[in-house]
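Good morning, and thank you for coming.

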Amino acid sequence: MDLIGRLRSWALARPRVLLVDAPGTTGLRWSLEAELDRRGWTHAVSPAQADLVVILGEPGPQLAHAVDVVWSQVPAPRHRMYVRDGVDVAVALDRGVQDLLGRAGSSAREVGRPPPASFLGSDDGGHEGMDHGGGHEGHHMHHGGEVAGLPMAMTGPDRDGLELDVLKVSLGPVHPGWPTGLVLRAELQGDVLAGADLSWIDAESVSEVGPSLDARQSALDHLARFLVVAGWPTAARDARRARDGLRSEEHARRTAAQRLAEEVTGKVLGSRTLAWAIAGAGRSQRDRGTSSAHPVLGRLRHWCDLAVGRDSANPPTPSLQDLAASLEGTEIGTARLIVASLGLDPVTSQRVPESAGA
Amino acid sequence: MRETATATLPEAWGVLPAVLAVALVGVGLGLVVASVDRAVLAGRTRGAVLEPLREGARLLLEQRRTTLAPDRLLWRLGCVAVPVLALLSLAVVPVGGRTLWSTSADLVWFNAMEALLWAAIWLVGWGPNAFHALAGGYRFLAQGLAYELPLMFALVTVGVAAGSLRTTDVLAAQDGLWFVVTMPVAFAVFVASAAAFAFWGPFAAPTSADIAGGVTSELSGVDRLLVEAGRGVFLGATAAMAAALFLGGDSGPWLPGPLWQLLKTLAVVTALVWVGRRLPVLRPDRTVEVGWMVLVPLTLVQALVVAVLVLSGFYA
Amino acid sequence: MLTDLSGWVIATVAVLGLLSVASGVAVFVVDSMARATFALLGSFLAVAGVLLAFDLVYLAVVTALMMTIEMAIMAVFMVMFMMNPAGLMPMTMVHNPKGSAVVGAGAFVVLTVGIWTIDWPARRGQLPTDSTRQLGEAVMGSHMLVMLIVGIGLFATILAGTVLATARGRYDRFGADLAARRPDDPVPGGLPR
Amino acid sequence: MTAELVLQIVLTVAAGLIGVGLFGALSQQSIVMVMMGLELVLNGVLLAGGAAWFSLAPELPDAQMLAVVALVVMAVEMAMGFAVTIAIYRARQVDMVDMATDLNG
């Protein structure tokens with residue numbers, strides 16, 4: 001019995017963490033990510049992978065509901081913890097693991113896990129909550145009706161001239177590598193976005209303006225988050241290390257971080273494979289066929305310039321409507337890259353009016 | 001049956017010990033892949049061996065995920081099939097100069113196991129009735145289809161040079177010269193296609209972060225352990241196969257044969273992991289076109305070159 | 001080399017045979033199209049197992065290889081075109097089931113009667129040492145003509161299939177005067193063109 | 001003796017596959033399902049070829065060639081079937097044989 005207990009505490013000593021950052025908690029997130037990197041804990045890429053759900057700050061009502069949806073998808077043993085500003089993150093994480101072990105140890109089966117279907121009706125959906133409404137307009141083909149609470153897919157025109165099924169799926173607001181609070185309501189044919197609609201949740205309640213952040217550090221943070229989505233974890237790890245080093249008080253660590261930042265940006269800018277992989281992403285219909293426009297690559301260069309302290313003209317940030325329009329017709333992975341390259345964040349989006357794309 | 005130079009493993013050791021030994025080798029190879037990967041990913045070697053074991057234990061303790069209206073039968077079938085097929089593909093890989101099973105079409109057997117693995121991964125993506133998993137499954141179908149033919153041609157090239165599809169014959173044919181010297185393209189394509197079939201490194205788009213882990217996004221507990229372990233075992237098996245088919249297997253001076261084979265396999269695994277982790281994930285729409293438009297003709301030319309060499313008596 | 005099969009192998013062959021027929025029946029019984037596709041794959045794999053018992057290693061393995069690839073592609077087509085790929089909404093889409101059943105059963109009965117009444121000739125010759133080599137030498141020697149025709153047929157299939165399946169021709173890709181330097185494709189692809 | 005018994009058993013199985021396949025190919029409405037029926041018929045042919053090779057004339061490669069041809073026919077049937085399905089579906093959103101009967105002239 002004790003052997004099993006010891007095995008359990010050994011196995012769960014490095015849980016996978018799913019971070020949920022409420023608006024205005026960027027600094028706190030950086031501290032927490034630095035601590036996770038120091039401990040060698042890994043980030044979960046989906047709720048099914050997570051053991052520990054860490055919620056930073058005070059989520060608004062809609063975000064809190066989305067967290068509940070995500071929580072319903074986390075397999076046991078699991079633990080949900082809240083970290084507020086001004087808390088020692090190391091102590092908080094230690095306590096989180098203890099609580100996780102305590103839950104895993106108590107043999108009582110977890111009760112009250114709501115069935116997946118119970119979240120279907122909610123509009124702000126969840127990680128993969130299939131959107132309920134909207135399935136009944138348009139021509140009523142032979143397949144209609146509902147199965148297991150899900151509406152059957154309708155067909156729609158697609159780019160290959162085949163009338164294929166359209167699936168309504170909402171992505172976000174809580175999704176690793178995705179700006180927390182942003183919801184993408186998508187109409188998908190296979191993995192191609194036939195239609196897209198973007199919005200922020202809790203839009204009216206975001207009032208607090210987070211502490212202003214160092215431009216270089218946030219550039220490195222954007223870079224790291226983009227690289228995670230682009231599937232380059234080693235470079236993302238280096239970018240995070242550089243960001244955390246720059247926040248240090250010690251001079252020696254800061255200069256080392258500066259070197260690391262130059263190294264990682266050099267690697268990113270010099271990577272022909274990355275350029276090959278993301279070239280053309282985010283190009284609008286207008287400039288298709290010309291090789292000049294590579295918006296995602298351009299913004300990536302911008303973050304890299306900022307990260308090493310070079311001046312760089314801020315490339316225009318499109319409004320949510322324009323962004324949603326540019327996502328239409330793209331493959332879901334490309335859409336994720338485009339969104340990740342923008343470094344969206346609810347606080348700045350609210351503070352700067354929607355017409356930021358000057 | 002033709003007199004083969006070496007007996008199969010079951011003939012030498014008995015059936016049960018041979019099967020157990022090959023399964024152990026497979027698990028060991030998978031562990032090696034996971035450890036090297038961990039070391040490269042974390043940037044430090046400390047705890048690299050222990051971490052995959054810890055991860056395995058953690059997954060064993062974890063609950064299995066349920067989703068809304070899943071196709072549970074096919075989902076579980078896919079999850080179980082992944083490690084089983086990876087181990088089956090190891091059956092024709094020479095271990096210490098002998099294979100668990102020696103047929104007259106070993107190379108095709110290896111390829112068939114890869115194809116079945118490909119279908120099994122699609123099942124893993126199809127099963128949970130979730131968007132991200134299915135998108136990963138689609139990506140893997142396209143990728144596997146594009147890299148199946150180059151892989152097949154690479155294997156055919158080896159078969160042409162050895163004059164046999166039996167792996168032990170291929171080993172014997174490399175007595176004088178390793179095949180990698182005359183068929184570098186086939187070697188590179190074999191390794192790259194193997195990475196594509198194990199959806200690994202730059203070919204990890206079916207499980208990449210931009211679709212929340214793709215086919216693995218809804219896996220937890222034992223299911224995830226099976227799939228991840230199967231992927232590691234398969235990658236290790238491919239590295240061992242690459243060492244046997246192109247790098248002369250267990251031939252080498254001074255050291256005993258099995259040690260040479262181990263060293264070569266470890267070298268291939270390390271190179272594969274190290275290079276793979278230094279590249280970002282490539283989008284499938286890019287890699288697929290390269291597979292069809294570049295690798296297929298390239299491997300055909302390679303096969304032609306080798307065939308001409310065979311006719312000129314180069315390998316005799 | 002075994003020239004005759006042992007009792008165990010015969011039993012295995014019989015079980016695999018039953019399995020292949022059962023999976024074949026399952027194809028038209030299950031609701032889910034994905035399951036139907038993989039039931040068909042199960043039928044092929046069982047047949048491949050029987051071929052393996054007959055020492056036809058190459059044919060068995062190639063059957064498994066080709067049919068797996070075909071079935072995986074088939075599964076995508078199922079999801080694309082069928083109304084009910086997951087079988088969540090059971091529906092029957094058959095016409096003339098009675099007549100078809102009669103034809104199917106009739107074919108089976110006629111064949112079976114023939115199989116069990118014909119006086120089969122005795123086996124001529126021994127099993128070759130290497131059936132794969134036998135096939136290979138036939139393809140490259142005595143039966144080369146078959147392979148040539150098969151090759152031409154496959155090539156024609158590739159062309160015809162592509163022509164039928166694509167909607168976009170070169171005028172769609174390179175413009176009406178074929179002047180565009182880069183093709184205008186929905187997905188740009190990976191090569192610098 | 002054994003060889004003949006094996007041949008008869010396996011050929012019966014092959015006849016079963018052909019019967020089931022015929023039923024499917026004739027009764028199904030969806031083009032893809034019809035193709036699956038045809039595949040089953042060819043599967044039976046493949047099996048019969050293998051059994052004939054083993055039990056009747058293992059010295060000759062002819063039965064093996066028959067099996068190879070059956071495999072090729074399956075591949076061709078599949079490729080053309082999918083191509084025709086796409087073409088018909090693109091033209092009129094139909095994937096059922098009953099809705100394409102005007103093709104029978």
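Let me begin with a question: is Arg65(B) buried or exposed? Before I answer, please note that this is a predicted model. Arg65(B) has 23 other C-beta atoms within 10 Å, and it is therefore buried, since 20 or more are required for that term. This arginine is found in the loop that connects H3 and helix H4 (72-89) of chain B. Leaving aside residues up to four places away in sequence, Arg65(B) touches Ala48(A) and Pro75(A) as well as Glu218(B), Leu219(B) and Ser220(B). Consider Ser220(B) in particular: 155 residues separate it from Arg65(B) in sequence, yet the two are 5.7 Å apart in space, C-alpha to C-alpha.

Those contacts with chain A lead us to the interface. Here 40 residues of chain B are in contact with 46 residues of chain A. On the chain B side, helix H2 (15-42), helix H3 (50-61) and helix H6 (131-162) each supply at least two of the residues that touch chain A.

I turn now to chain A and its sheet. Three strands form an open sheet in the order S1-S2-S3, with parallel pairing. S1 and strand S3 (79-83) of chain A stand at the edges with a single partner strand each, so one side of each has no neighbour in the sheet. From one strand to the next, the twist averages 20 degrees.

How many bridges join S1(A) to strand S2 (residues 52-56) of chain A? There are five, and the two strands run parallel. Within this pair, Val17(A) stands opposite Leu52(A). Between the two strands the chain passes through helix H2 (residues 26-39) of chain A, and this β-α-β crossover is left-handed. Five bridges also join S2(A) to S3(A), where Leu52(A) stands opposite His79(A).

In a regular strand, side chains alternate between the two faces of the sheet. Both faces of S1(A) are covered: Val17(A), Leu19(A) and Asp21(A) are buried on one side, and Leu18(A) and Val20(A) on the other.

Finally, the largest nonpolar core. It contains 291 residues, of which Leu223(A), Leu117(B), Ala242(B) and Val61(C) touch the most other members. Helix H3 (residues 57-81) of chain C gives the most to this core, with 18 residues. As for Ala242(B), its contacts beyond four places in sequence are Phe187(B), Phe190(B), Val191(B), Leu247(B) and Val268(B).

Notes: Residues numbered from 1 in each chain as written. Chains lettered and ligands numbered in written order. Predicted model: local features only at pLDDT ≥ 70, side-chain atom pairs only at ≥ 80, totals over all residues. Contact = placed C-beta atoms within 7 Å. Helix = DSSP H or I, 4+ residues; strand = E, 2+ residues; numbered from the N terminus. Core = buried A, V, L, I, M, F, W, Y, C linked by C-beta atoms within 7 Å. Buried ≥ 20, exposed ≤ 12 C-beta atoms within 10 Å, placed from the backbone. Pairing = 2+ DSSP bridges. Right-handed = clockwise from strand over helix to strand, strands pointing away. Axes fitted to C-alpha atoms, helices over the stretch in contact; angles between N-to-C directions.
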